[in-house]
Each structure stands twice: as structure tokens, then as C-alpha cells.
Amino acid sequence: MKSFLLITNNQKDKELSVTDRVCDYLVNEKSKQVKTFVPESRDYEIPEKYLKDVDCVIVLGGDGTILRVAKKIVKSRLPILGINMGHLGYLADVDNSNVLCALDALCSGEFTTQDRMMLAGKVMRGTKEICSLDALNDIVITRGGSMQILNLDISVKGKMFKSYRADGVILATPTGSTAYNLSCGGPIVEPCADMTIITPIAPHTMLSRSIIFNAEDEITVEILPPHDSTVEQMIEVYFDGIERIKLEVGDKVVVKRSEMTTTLVRISSASFLETLYEKMKER
């Protein structure tokens, strides 16, 4: 690799001291070409010129920063090396404490890459498509405002699967299994696996558990009317906790495997189980 794009979350590296250290090391010690981009807002719109003639994107931040960057550069298919500047991170492979050693390995080719599956979700209102977005972690349908629970019908491959009365439902990738899915009691899945996890949020029953489906299965979640029609509900769908779309009764959220993938650079030789063990100790 000869050319890098360095993207920094300036809330994590406020003085840009780590950014400057990484840039200086790559340019002056490794004779590499480096472009730097510090987003001024949280939309992370990355001009095309920054992605041109780049071999790898280095992201300074936490998992949220990596998610935002991944969504913006997914069509470029550039690999991402995450440097964790946050607290508990599963996507970032490198900590700030060993960043220079990681850069040495990156420049000498001592790394591997992992392709992570993504989900493609679209919101249908009747026959009209309201939006279509991809997610690396999860697509979450949830309520806001009123405390009234949601009524949801879930179909898989066009056939009715289950009705939920719950605060919402999470459709997660294996990468997202350690995110909101884990907080709601869902299973932890090896991140390079190919599957979709459905986990209800605070279901109104003791028998509801997560269900795992083939990655190729198309899953449809339909918003049903509330039991109390006098209560106004606010229903939303979130894509990786970033994009938010308001839903109405009768809307359908159709989820399937995306044609896109996110490629992550791995420097560490630690297995997923070893990494999981270390992360769990931090909690």
C-alpha cells in the first residue's frame, strides 16, 4: 500500500495530535502518500477527490465513526483500518497505544482483510418506496414518544413467520451482533459469518427469543395498527443508528443481504474469541 486516506473524528482527537502523529509517521518514516480529512459535521460526506488513488482508509475514532465512514465509502470498496479512540470497540482493530506498530505492519503487508456482510433495507408505503439504505451493524425498528408497544408482523421469503408485541425489533448482521443486539439479549455471532439475526426489543412475552436466518432470506416487517387507536404512536427505523426514517401504520420494512460488503483490515493475529474475551473483561 502506497497511498492512504486518514479520516479523523475530531471529537475523539480534539487536538489532532494522533492524526498528526500518524500522518507524519507514514509520510516521513514510511515515504507514503497521505490525504487527511476531518469532517466538519456528523454526516461524513467525503468528497470524491479524497477517495481517488487511495489504497486504504485509516479511521481515527470509535465504532460509530467507522460505521459512518463505511457507509460513505462502501461503493469504493476500499479497505478500512480502524484505530480505536473510544472506549469499547469491536470494529477498530488497533488501539492508540500501539498505532505505530500497526502502521509498520500495514506498510509491510503483514495484515489480513475481512469482508463483512451488510443488510439492504427499504421502506415501502403501499407501492411506493420511501427509502433504500444499507447497514453494516443493524436495522432497528422501534417506538418513540408514547409508551404503547408496537404490533409487528414478520414474514420470511414471503411467508408469515411471527407476530411480535414489543418495543421494536432488531435485524442485525454478525458484525452487529455485539452492538444493540447484544444489549437486548441476542446471540454473539462470529463476525465473518453470513446470516441475519432477528431480536425483539422488550417483547411482551416470556417466550420470544432471537432467531437466526440464512443471509439470503428476504425478511419483511409490517407495522400493524396499535391496540389503542386513540394513542398517537411515533415509529422509526434506524440504519446503523445513523439514518432515521419515520414509519406509519401499514408500512413495510423489507430487509435482505446487501450486494455491498465492508472490508476491514486486521493487523492483530488474535482470534475472534480472544478479542471477545478481552472486550468482555472491559465491561
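Guide: The mean positions of the 34 positive and 39 negative charges of the protein lie 3 Å apart. Lys and Arg count as positive and Asp and Glu as negative, while His and the chain ends are not counted. Each charge is placed at NZ of Lys, CZ of Arg, CG of Asp or CD of Glu.

Visitor: What kind of model is this, and how are its residues numbered?

Guide: This is a predicted model, in which local features need pLDDT of at least 70 and side-chain atom pairs count only at pLDDT 80 or more, while totals for chains, interfaces and linings use all residues. Residues are numbered from 1 along each chain as its sequence is written, and side-chain values use heavy atoms, with hydrogens and water left out.

Visitor: How do you know whether the radius of gyration agrees with that of a compact globule?

Guide: The radius is taken over C-alpha atoms, and the globule rule is 2.2 Å times the number of residues to the power 0.38. For 283 residues a compact globule would be near 19 Å; the protein has 20 Å, so the two agree. The C-alpha atoms fill a box of roughly 65 × 35 × 35 Å along the principal axes.

Visitor: Why is Glu216 called exposed?

Guide: Exposed means over 50% relative accessible area, buried under 20%, and partly exposed in between (1.4 Å probe, protein chains only). Glu216 has 55% relative accessibility, so it counts as exposed. Its place is in the loop between strand 13 (211-214) and strand 14. Helices (H or I, at least four residues) and strands (E, at least two) are DSSP runs, numbered from the N terminus.

Visitor: What makes Tyr44 and Asp53 worth a look?

Guide: Tyr44 has a positive phi of about 50 degrees although it is not a glycine, and Asp53 has a positive phi of about 55 degrees, again without being a glycine. Most residues other than glycine have a negative phi. Tyr44 is in the loop between strand 2 (33-37) and helix 2 (48-51), and Asp53 is in the loop between helix 2 and strand 3.

Visitor: Are Tyr44 and Asp53 buried or exposed?

Guide: Tyr44 has 5% relative accessibility, so it counts as buried. Asp53 has a relative accessible area of 63%, so it is exposed.

Visitor: Why is helix 3 described as largely enclosed?

Guide: Of the 11 residues of helix 3 (residues 63-73), 9 are buried, so the rest of the structure largely encloses it. Among them are Ile66, Leu67, Val69 and Ile73. In the protein, buried residues make up 50% of the 283 residues.

Visitor: What covers the buried residues of helix 4?

Guide: The cover includes strand 1 (3-8), helix 1 (17-29), strand 3 (56-61) and strand 17, judged by contact, meaning heavy atoms within 4.5 Å. The buried residues of helix 4 (residues 99-107) include Val99, Leu103 and Cys107. Gly109, with a positive phi near 80 degrees, follows helix 4.

Visitor: How do you know that strand 6 and strand 17 pair?

Guide: Two strands pair if DSSP finds at least two bridges between them. Strand 6 (residues 112-125) and strand 17 (residues 252-266) run antiparallel and are joined by 12 bridges, with Gly121 partnered by Val255. Strand 14 (residues 219-223) is also antiparallel to strand 17, with 4 bridges; there Val221 is partnered by Val253.

Visitor: What lies between strand 15 and strand 16?

Guide: These strands form a hairpin with 3 residues between them, and Asp240 in the turn has a positive phi of about 60 degrees. Strand 15 (residues 234-239) and strand 16 (residues 243-247) pair in the antiparallel sense over 5 bridges.
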